[in-house]
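Colleague: Could we go through the aromatic contacts in this model? Please keep the cut-offs in view.

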Amino acid sequence: MPTGTPDVLLRTEGRAGFITLNRPRAINALTHAMVLAVDHALTAWEHDPAVTTVVIEGAGERGLCAGGDIRAIHDDARAGGSASEAFWRDEYRLNARIARCPKPYVALMDGIVMGGGVGVSAHGSVRVVTERSRVAMPETGIGFVPDVGGTYLLGRAPGELGTHLALTGGHVGAADALLAGLADHVVPSAALPALVRDLTRLPADDAVARHAVAPAPGVLAEQREWIDACYRAETVEAIVERLFDTGVPAAKEAATALLAKSPTALKATLATLRRSRALTTLEEVLDLEFRVSCAALTTPDLVEGIRAQVVDKDRDPHWTPPTLPEVTDEDVARFFTPPPGGDLGLASALPPA
């Protein structure tokens, strides 16, 4: 029986095993120990016939999970350490494991679900959002690149919606999370306690069906025309130019938002997203993202982006280089070279098809 930790509470009730991320003051941001605790629970419950459904939820009122502990990543990057690489090895393995969980894995994506929070939820088989959900991969704003299988998910969104969300880091509500393929069902937040009770006694699909509702209208469906037209351009510079030229206010806002992001992260993100679309499995994409993440750890923009957004909170990052044209093809290519500690190797570990 898994025992959990103070930051990951585990319990079984009826037919369900519950994982509660329990760092509410940090919006349940993931630490390495939390990743290992969740993995340990899955190991136990996958082989426990009494547990037929796994449920992940977040403590507190603010959200399921705001992502990884980026302060720790900032400190590790400044020190030139290896802790972040070790964290990502285990985190990405967990993401792949969630996607292949043999039992229904129900993610209650209420409130903020960002970065690593997407990794522990959106790869699940039953993904529930609410009217309070704000789902995002905001990495380009801190000089990083969407990871935890984010480019796998966004690369398979309709049209160029995933490119738009990956580059801008914009958050989506319930309807747009469904449209982008990041969620499956909408349940009112007030109904979550009743859903949790039903999950202890009913099959997961039946329990969710009792409470699912139609979402309130989103915004992305109406924006598909300019999103698809602009983001299919070959380079980030061309995307920005097209966005400004559309004459659509929302497109101009997107262009302005892009110009505030790390130019290096934007170009690396676009390259990663397009490479991931050519891959077949989540494991292959996680292997690719691991290379990209390890490379990002050595760039000045990751430390500077986290400093500006989280540490000093002055919201005034100074990117290196500061403009898109100054980011060379060679700068981008280095994101795809094997890291010094070796590749992740998830795809090579898969059994033969």
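Modeller: Helices (H or I, at least four residues) and strands (E, at least two) are DSSP runs, numbered from the N terminus. The model is predicted, so local features need pLDDT of at least 70 and side-chain atom pairs pLDDT 80 or more, while totals for chains, interfaces and linings use all residues. Residues are numbered from 1 along each chain as its sequence is written, and side-chain values use heavy atoms, without hydrogens and water.

Colleague: Is Pro 49 buried or exposed?

Modeller: Pro 49 is found in the loop between helix H1 (32-46) and strand S3 (53-58). Buried means under 20% relative accessible area, exposed over 50%, and partly exposed in between (1.4 Å probe, protein chains only). At 73% relative accessibility, Pro 49 is therefore exposed.

Colleague: How are the rings of Trp 88 and Phe 144 arranged?

Modeller: Rings of Phe, Tyr and Trp (its six-membered ring) pair if their centres lie within 6.5 Å; planes under 30 degrees apart are stacked, over 60 edge-to-face, and the rest tilted. The count by this rule is 2 aromatic pairs. For Trp 88 and Phe 144 the centres are 5.5 Å apart and the planes at 20°, so the pair is stacked.

Colleague: How many residues apart in sequence are the parts that Tyr 92 and Phe 290 tie together?

Modeller: The ring centres of Tyr 92 and Phe 290 are 6.2 Å apart with planes at 90°, so this pair is edge-to-face. Tyr 92 lies in helix H3 and Phe 290 in helix H14 (residues 282-296), so the parts tied together are apart in sequence by 198 residues.
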